[in-house]
Amino acid sequence: MTQNKILELPILPLRNTVIFPSGITPLTVGRSMSLAAAEAALATEEKLLGVVAQREDGETEPTPDKLFDVGTIVVINRMMRSPGAEEVLHLIVQGQDRFRVLEFTQQTPYLKARVEILPEPVREKTPEVEALQRNIQVLIQKALGLLPNVPPEIRNIIVQADDSVRLAYFLGSVLDLELTQEQALLAANSESELLNLMHTYLAREVEVLEIRSKISNQAQEELGKAQRDYILREQMKQIQKELGESEPEQAEAQLMRERIEKADLPEEVRAEADRELKRLERLPAAAPDYHVIRTYLEWILDLPWKKSTEDSLDLNTAQSVLDEDHYDLKDIKQRILEHLAVIKLNPKTKAPILCFVGPPGVGKTSLGQSIARAMGRKFERMSLGGMRDEAELRGHRRTYIGSMPGRIIQALRRADVNNPVMMLDEVDKLGMDFRGDPASALLEILDPAQNFSFRDHYLDLPFDLSKVFFIATANTLSPIPPALRDRMEVIRLSGYTDEEKLHIAKRYLIPRQIKEAGLNEEQLQLTDEAIQAIISKYTREAGVRQLERNVGSVARKIALNVAQGKGEVFTVKPEDLEDYLGHEMFFHEMARQELPPGVATGMAVTEMGGEVLFIEATLLPGSKGLTLTGQLGEVMQESAKAALSYLWSHPNDSGFDCATKFENSGVHVHVPAGATPKDGPSAGVAIVSALASLCSGRPVRSDTAMTGEITLSGLVLPVGGIKGKVLAARRSGMKRVVLPKRNEPDLKDIPEEALRDLEVVLVERIEELLPQTLKPSDDLTRTTPIPSHETIPAGAEVRAQGESRS
Amino acid sequence: MSRSKRVFIERMSTEYRRPSGPLWQPSADIYRCPEGWKIKFDLAGVKPEDVEVIIADDKLIVRGVRRDTVITEGWSYHQLEITYSRFERVLKIPCDFAGAEIRCESKDGWFILHLNCA
């Protein structure tokens, strides 16, 4: 029996290892101390050796204090010397008993100690040990489940072990434990202590294993999916190959490459195209990005980066083309010819940016077309009316699904040249709200200093717009933001006069409509009078659209007659129009034969051209103040107040005693038609004339129309829209017009034939005005009541144009 | 033919004391013969007095120590393949040990146990 036996043994220090009882371990002995200890053990009858782990791995000649005090007695089962190297022993040792060092009896040439053999841990049968045993079994099963590569021998030993102490020692040697942990296992004196330690180590080990297997599972899962995709794709490729289809994405990329090679692209664009192509080649066709990149490349390739048309620089041809298409419009034609001349002299000049402003139907859009034709350029038109998203002009960035370049780039692709005439229609009708402000985007597009490198959001490459001939059109300038207005050369197209309309009708509209109706020139003849009647009685417009429609409807009716065989040749006279077009549709405000005191004829301009209007004033005895009716705007109301104040305060100038009258009674001024809003200062002279007439009792001359702004000090200031106003006065049958003196230069715009029938009176002050407008006091014939038909269509805004005074 | 000088036969009713630590196990042949059983252990170099035979319940336990009695002062090992020190072998024999006569014999390096039981 070896219990608590005391022995004296040679001691072999172990580095980083603990040998457990029952464990068979190979050892290589090299240190001289250890060699001496091993030799000493071999020289004994029983070949017993004590092995003790040393605390520090590094010590080559550990002293007793560097060793743990619990070790294992081992039997040397096998010993061999290394064939080559001297002094290296290979031992196979088997652990037998644990021991505790009592004292070291020798330190050189090898350690020798007196040791007390420790009994094996006592087997306990407590519930705690039982529980620990079971738990350890569970953990072992788990660990084995997580370790697929455990050799079956070890698996068997573990599973079949019936002694938990042996099992614990075995696991201690198998598990990857720290030296201190192993040493703690060895030093455990009771089964419960040993199993507790083992349980802790094992639990930790299982946890680590679980995490490891989780990680490797995840990695494997991901790898598995990628592999599956790859395999399927490869299979698809093989199938396509079998079917004789070459790999489509490769073919497509190749095609793209060829196109890029051939295309004449600017350097920066080329670099970007190459970059995108490389990405395209790497992507499978199923990738969502593939189509995005392909579309993008197609856009790049389709754009006319360097392609342009040659301008036809023959000024005579250009002139004749412009004349062919449009009557008059001398200013604009002049401007186009100037530009062509400049291009001829300096081919690098920038294209102008024009803005045609004028009422509808005056030919702004068709003028653009004929400019393009005259210059030999392509024509692209886009309507900006109602556009309110900046992205529509400049595109969406490519990150968005379904993104496309903006309208500018699209138009350029359609034109397929980089110098088309690009018409931006209805630029005054751009929307603007929280969703975007396209006008601001236009700022860049229309600025010659910036637009040579216009960046569309989609392309994100600079495109040179400086060769594009931009023409914007608008009906009025006021809604256009000042910054945008500033970038364009504004050319006004005022409304046509009736004479001009007559010419236009004869030269363009009638031949066109006759052709449309399938007639020939002989079959339909419209007399000048008939045309004039259509113009004045069936249309009310600054342009000629309604006129053309009416001519068209006459032509169709004639065509019906011809088709029914009612005749071959038809000549249309004014009296026939009622048959063809129905009743007259418009009455112009015509001159009234006689005006009662307090009524004066004014002039106004609307978008449809000039109009005459009447100012009616009456005294309201017994009341006070000034009443204004007829939808007058603020400026016009103030103008009326100024007129009243002037007359009141200048009794001597006017020559009649207005002050008394106004003191005792109120004044009411009304401007028909009551439903039409009116504004502006230009009715000033008409109001002052009406009021002067009212308090003097002298009627205003019924053959005289007047316009002009007045001041409190009696000045008559110039106003705008003179041409339209004078033409309207003439149309209404007026014989005289009274205008501010400073508007004299505007008379040059008025066709001579219109001025021929009119007496034009220019005044500077109200004192000069009143004698011209009021009938002399001796000629006081009482008059007929005011005729009351009003013809300005409700809703048309009559604007006494004061804001564009020049 | 040499006979073992000391054979300890201990009868232990329930528990026998397990030797501390695992030991090497000698190989054993078991013969059936008219008298009962003959069990032969490969225990060369083991002195018969260093062998213990223990009967515990139905188990036959043979244990002891093999000592290297050849090595002499001044020698050193060049190679070691024979296992020394303590050994133990536990065998189960279907024999009624209670009424059995047990005899040991050491011969030619074998250790032979004669079990005469019915």
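This is a predicted model: local features need pLDDT of at least 70, side-chain atom pairs count only at pLDDT 80 or more; totals for chains, interfaces and linings use all residues.

Reply: Residues are numbered from 1 along each chain as its sequence is written, and chains are lettered from A and ligands numbered from 1 in the order in which they are written.

Me: How many helices and strands does chain A have?
Reply: Helices (H or I, at least four residues) and strands (E, at least two) are taken as DSSP runs and numbered from the N terminus. On that basis, chain A has 27 helices and 26 strands.

Me: What percentage of the residues in chain A is buried?
Reply: A residue is buried if 20 or more other C-beta atoms lie within 10 Å of its own, exposed if 12 or fewer, and partly exposed in between, with the C-beta atoms placed from the backbone. Of the 806 residues in chain A, the buried share is 38%.

Me: Is P13(A) buried or exposed?
Reply: P13(A) lies in strand 1 (residues 6-14) of chain A, and, leaving out residues up to four places away in sequence, P13(A) touches S34(A), V52(A), Q54(A), P62(A) and L67(A); touching, or contact, requires C-beta atoms, placed from the backbone, within 7 Å. Because P13(A) has 26 C-beta neighbours inside 10 Å, P13(A) counts as buried.

Me: Which residue in strand 3 of chain A is the bridge partner of P13(A)?
Reply: Two strands pair if DSSP finds at least two bridges between them, and strand 1 and strand 3 of chain A pair in the parallel sense over four bridges. Strand 3 (residues 48-53) has six of its six residues buried, with L48(A), G50(A) and V52(A) on one side and L49(A), V51(A) and A53(A) on the other. The partner of P13(A) in that strand is V52(A).

Me: Which element of chain A gives the most to the side that touches chain B?
Reply: In the contact between the chains, 24 residues of chain A meet 18 residues of chain B. Helix 1 (32-42), strand 4 (70-81) and strand 5 (89-106) of chain A are the elements that give two or more residues to this side of chain A. With seven residues, the element that gives the most is strand 4 of chain A.

Me: Which residue of chain B does M79(A) stand opposite?
Reply: Strand 4 of chain A is joined by two bridges to strand 6 (residues 79-80) of chain B, and the two run antiparallel. In strand 6 of chain B, the residue opposite M79(A) is L80(B).

Me: How are helix 5 and helix 6 of chain A oriented to each other?
Reply: Helix 5 (residues 179-187) and helix 6 (residues 191-243) of chain A pack with their axes 8 Å apart, at an angle of about 155 degrees. Axes are lines fitted to C-alpha atoms, for helices over the stretch in contact, and angles run from 0 to 180 degrees between N-to-C directions. Angles under 35 degrees count as roughly parallel, 65 to 115 as roughly perpendicular, over 145 as roughly antiparallel and the rest as oblique. Helix 5 and helix 6 of chain A are therefore roughly antiparallel.

Conventions. Two residues are in contact if their C-beta atoms, placed from the backbone, lie within 7 Å.
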